[in-house]
Amino acid sequence: MTVTLSHKIELKANNKFKTYCRKAFGVSRFTWNWALERVNDKRERKEKIDVLELKKEFNHIKRRQYPFVMEVTKYASQQPFIFLKRALSQFFDDLKSDKSSSKRKGFPVFKKKRYSSGSFYIGGDLAVVKKGSEIKDKRFEASDDKTYLYIPKFGWVMLREEIRFPGKINSVTISQDGDKFFASFSIETSEIVYEGTHKENAQEALCGCDWGVKDLLTLSNGIKIKGSKHLKRRQRQLARQQKTLAKKQHPRTKGDKTPTSKNYIKQSRKVGKLYRRIKAQRLDENEKLSTVLVRHFRVICLETLNVKGMMSNHRLAKAVADNSPYALKEMIKRKSSLRERTVVEADQFYASSKTCRRCGEVNKDLKLSDRIFVCPKCGFTEDRDVQAAKNLTEVYINRVGLASPELLKLKPVDLTALLDDLAINGLATSRVEAGI
């Protein structure tokens, strides 16, 4: 069996390569907008939409009307048609299904020109990765052990690190994030290679995960992962940089003819760099946490959160964004599918925090500030978040008709291994007696 993995690596980009990338970004964006404009026209006239026919039409006229698309790789002007066809299929499939409007894919929109972001696709047939010593070119020395990626109609670009696992390269996506450029490889590798590079410690254990604002995650065994709150830690530094940016010369309102100064551009790059660092640190923390959970548990029970609704609350929005619960949930689901784990999601309206674990009474008067749950009926008392995590495990136990949840508990030695793994990955934890 084969497994498809991705690996994103930074490129060592010079000015010549940056110019090439911006051309390719522009061609990719132009092609998408050209095709979408014709799709909208056909939709208004209620004609049949065939994206592949539009692709043939574009190929027929591009050399004469749009010769600039020939300056970059052919995939920059061809792949947007494939992506548009996929987006339209998802949109019309969701319309036919009985999904709620909030979960449906929206109709494709036009792409806007951005100076700090963009991407283009390269097919696996043209993507070549070699060591410098293997490249037959006078510019590369025989002792060069660095890794290079071949970009069609440009040449070789150095990778900041090597690809971690061998396999067939299906595709490469070149993207820009601020002043940095990345290559994201889609690699088809064997299951043996995947198992060799990914640790396997899972026991027959069940874990309920309650997401929170104060603590990033609370597990049903009493472990609380605190979360670093990267945005909150850098709030003062970010405010200082933005205050400096506001003082630089730039247009203040729409229609303002004030020219943008070079100092404004320099300072905006500093602000962008700080935001990217916060984003990267948050992503790294969520990646490590999701890996540890999938590594140690066979069954993971999650709550279904209305993140969009929570973000509309101005008192919670910043804290919610700082923890990024939806991204963490998607990482857990994606990695669980690769390792054959079971992920169970509770109903969105299941009151896991307000339901008594002993008698089932719902405490409707429980406030967000109440950190200890007290049952008004039987007097049962427990940490609010720990009880919520345990209630999430009951969703799986009731669904499969499991008689003894004790069979799915972590053994003491496995619990120690879990805590050690969390500590190795730099995830701060605290321990609450679970009392199961």
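Which residue's side chain meets that of Asp 177 in a salt bridge?

A: The model is a predicted one, in which local features need pLDDT of at least 70, side-chain atom pairs count only at pLDDT 80 or more, and totals for chains, interfaces and linings use all residues. Residues are numbered from 1 along each chain as its sequence is written, and side-chain values use heavy atoms, with hydrogens and water left out.

The side chain of Asp 177 meets that of Lys 279 in a salt bridge (3.9 Å, N to O); the term denotes a side-chain nitrogen of Lys or Arg within 4 Å of a carboxyl oxygen of Asp or Glu. This pair links distant parts of the chain, 102 residues apart: Asp 177 belongs to strand β6 (residues 168-177) and Lys 279 to helix α7 (residues 262-296). Helices (H or I, at least four residues) and strands (E, at least two) are DSSP runs, numbered from the N terminus. Asp 177 counts as partly exposed because its relative accessibility is 26%; buried means under 20% relative accessible area, exposed over 50%, and partly exposed in between (1.4 Å probe, protein chains only).

The structure holds 24 salt bridges. One of them joins Glu 382 and Arg 357, whose closest N and O atoms are 3.3 Å apart. Glu 382 lies in strand β14 and Arg 357 in the loop between β12 (342-345) and β13, so this pair ties together parts 25 residues apart in sequence. Glu 382 is buried, at 10% relative accessible area, whereas Arg 357 is partly exposed at 27%.
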